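Thank you all for coming; I would like to walk through one model this morning, going from the contact between its chains to the chains themselves. Please have the sequence and the structure open as I speak.

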Amino acid sequence: MDFPFLIDTLGKLMAALPTTLGLFSLSVTIGGLLAIGIVWMRVSGHFVLERFARAYVFVFRGSPLLIQMFLVYYGLGQFPAVRHSLFWPLLREPFACAVISLALCTAGYTAEIFRGGLLAVPAREVEAARATGMSGFLLLRRIIAPIALRQALPSYSTEIVLMVKSTALASLVTVWEVTGVAQRIISQTYRTMEVFLCAAAIYLVLNFIIVRLIGLWEHRLSRHRRGMPVSSLSKPLQAGGNLGDAS
Amino acid sequence: MAFIETLGFGSTGWGGLLLIGALTTLAVTLASLGVGAVLGTLVAWAKLSGNRIAGFVGDAYTTIFRGVPELLVIYLVYFGGSHAVTSAGKALGFEGFLGLPSFLAGAIAVGVISGAYQAEVYRGAFLAVLPGEIEAARAIGMPRLLRFRRIIVPQILRFALPGLGNVWQLSLKDSALVSVTGLAELMRTSQVAAGSTRQYFLFYIVGGCLYLVLTSFSDRAFGAAEAHTGKSFRRGLGRA
């Protein structure tokens with residue numbers, strides 16, 4: 001084992017980590033917001049909106065991310081109309097194009113995960129809230145969103161790990177993040193295994209931290225479900241505790 | 001309508017090459033499914049064996065290859081494999097660089113990733129086989145191998161089918177990344193066509209549509225297979 005080389009490589013790769021983190025956090029945030037919009041369309045009951053949401057999910061889940069990224073980066077620049085529009089300073093930048101395509105793609109997957117969470121909200125909880133006079137946004141904020149989020153979090157953390165891995169594709173549109181730098185070192189030194197181990201270690205640690213954080217969040221969201229007695233009928237006062245927690 | 005000619009099957013059209021590319025994508029994905037099935041079975045077996053070392057190796061395999069970017073695994077196999085082939089060539093007296101064939105590199109790389117996912121699918125399917133059925137087979141005196149072949153494997157295949165469908169779709173999309181090794185599959189062909197005609201938008205849209213055709217057809221195929229294998233089982237959630 002050549003430790004100086006390993007440490008040198010690790011240092012070079014760590015220097016590219018902020019780019020990977022930037023790609024990841026921006027695309028997950030934008031993608032999450034887009035996904036909320038798509039889920040809203042999907043469950044709106046409006047024929048055209050629902051069709052659009054279905055088509056969106058089909059297209060972005062059914063084709064590889066790489067071709068979507070190339071379409072945004074190389075495809076859009078082909079049109080003079082795009083080159084002369086006010087979006088051009090953004091679409092000219094490989095980093096922005098990578099974020100846009102990552103966000104569009106993850107929105108398709110995330111929308112389906114959120115929809116699954118939404119479908120898992122028990123109808124009786126919504127009914128109970130309506131019976132106490134909650135409606136509209138308050139109902140969504142206090143009852144539906146927290147339950148749906150809690151149900152969706154386990155599969156959302158899988159999608160998040162997939163997103164960490166997907167940021168690697170940005171190197172193919174000339175964004176120098178961790179995988180891109182690793183590829184450059186490999187082609188300079190031909191020491192594939194060592195470089196792979198360093199890069200893999202970075203990604204695994206990153207994934208581990210993110211999965212842990214989401215796990216903690218899920219733990220927090222299900223605080224009221226722990227320590228609940230097996231037979232809730234014998235302790236009617238427990239329900240009062242639940243309401244206090246939810247606020 | 002100039003684009004009909006660029007996409008057609010004539011001497012200036014790219015239609016034929018794109019179709020060959022789509023078939024190559026299918027071939028790479030099929031090969032990787034085979035590689036992944038072998039690796040996945042071994043890893044699932046290691047994880048279920050109860051042996052501490054084997055279990056650790058199995059866990060490490062699935063954690064690494066499900067947590068590291070696919071592109072990095074492809075670089076590992078392609079560059080690492082070519083390096084190994086070159087060294088082997090030198091030992092045998094060949095001079096210069098010898099590359100690993102890109103089809104083989106792609107099938108192995110995507111197969112290694114698919115193996116990590118398949119291992120989890122097979123493990124889940126094995127755990128879903130009711131212990132009573134294995135006990136019953138043992139009670140009537142079936143030997144170990146026969147029990148495995150007659151009782152366990154048919155049920156694992158059935159339980160694993162939905163999971164395998166997901167892995168297949170994942171591998172189909174991962175195979176697009178094999179384009180970095182220069183293999184003329186659908187992604188690479190779209191790239192070459194886009195570059196040489198300067199019609200980037202058109203060819204990436206067409207390539208994307210062909211991928212959509214592949215994924216939706218395979219979705220249908222797996223749905224039909226599930227319906228076929230599920231025929232003899234009771235409908236609904238629970239099993240008898």
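Let me begin with a term: I call two residues in contact if their C-beta atoms, placed from the backbone, lie within 7 Å. This is a predicted model, in which local features need pLDDT of at least 70 and side-chain atom pairs count only at pLDDT 80 or more, while totals for chains, interfaces and linings use all residues. Residues are numbered from 1 along each chain as its sequence is written, and chains are lettered from A, with ligands numbered from 1, in the order in which they are written.

With that in place, 28 residues of chain A are in contact with 29 residues of chain B. Helices here are DSSP runs of H or I with at least four residues, strands are runs of E with at least two, and both are numbered from the N terminus. On the side of chain A that touches chain B, at least two residues each come from helix 3 (47–62), helix 4 (65–75), helix 9 (136–166), helix 10 (178–189) and helix 11. Which helix of chain A gives the most to that side? Helix 11 does, with eight residues. By class, this side of chain A has 19 nonpolar, eight polar and one charged residues, where Ala, Val, Leu, Ile, Met, Phe, Trp, Tyr, Cys and Pro count as nonpolar, Asp, Glu, Lys and Arg as charged, and the others, Gly among them, as polar.

Staying with helix 11 of chain A, which covers residues 192–221, its axis comes within 9 Å of the axis of helix 3 (residues 52–67) of chain B, and the two cross at roughly 95 degrees. Axes are lines fitted to C-alpha atoms, for helices over the stretch in contact, and angles run from 0 to 180 degrees between N-to-C directions. The two helices are therefore roughly perpendicular to each other, given that angles under 35 degrees count as roughly parallel, over 145 as roughly antiparallel, 65 to 115 as roughly perpendicular and the rest as oblique. At this crossing, A:Ala200, A:Tyr203, A:Leu204 and A:Asn207 meet B:Thr63, B:Ile64 and B:Gly67, and by class the contact has four nonpolar, three polar and no charged residues.

Turning to the chains, chain A has 12 helices and zero strands. Its radius of gyration, taken over C-alpha atoms, is 22 Å, well over the 18 Å that the globule rule gives for 247 residues, so chain A is more spread out than a compact globule; that rule is 2.2 Å times the number of residues to the power 0.38. The C-alpha trace of chain A spans about 70 × 55 × 25 Å along its principal axes.

Chain B, for its part, has nine helices and zero strands, and its C-alpha atoms fill a box of roughly 70 × 50 × 30 Å along the principal axes.

Finally, the record: an unreviewed UniProt entry annotates residues 20–43, 55–75 and 195–217 of chain A as "transmembrane region", with positions in the numbering used here, feature names shortened, and annotations that may be inferred rather than shown by experiment. In the model, residues 195–217 of chain A are 100% helix and 0% strand, with end C-alpha atoms 33 Å apart, whereas residues 55–75 of chain A are 90% helix and 0% strand, with end C-alpha atoms 21 Å apart.
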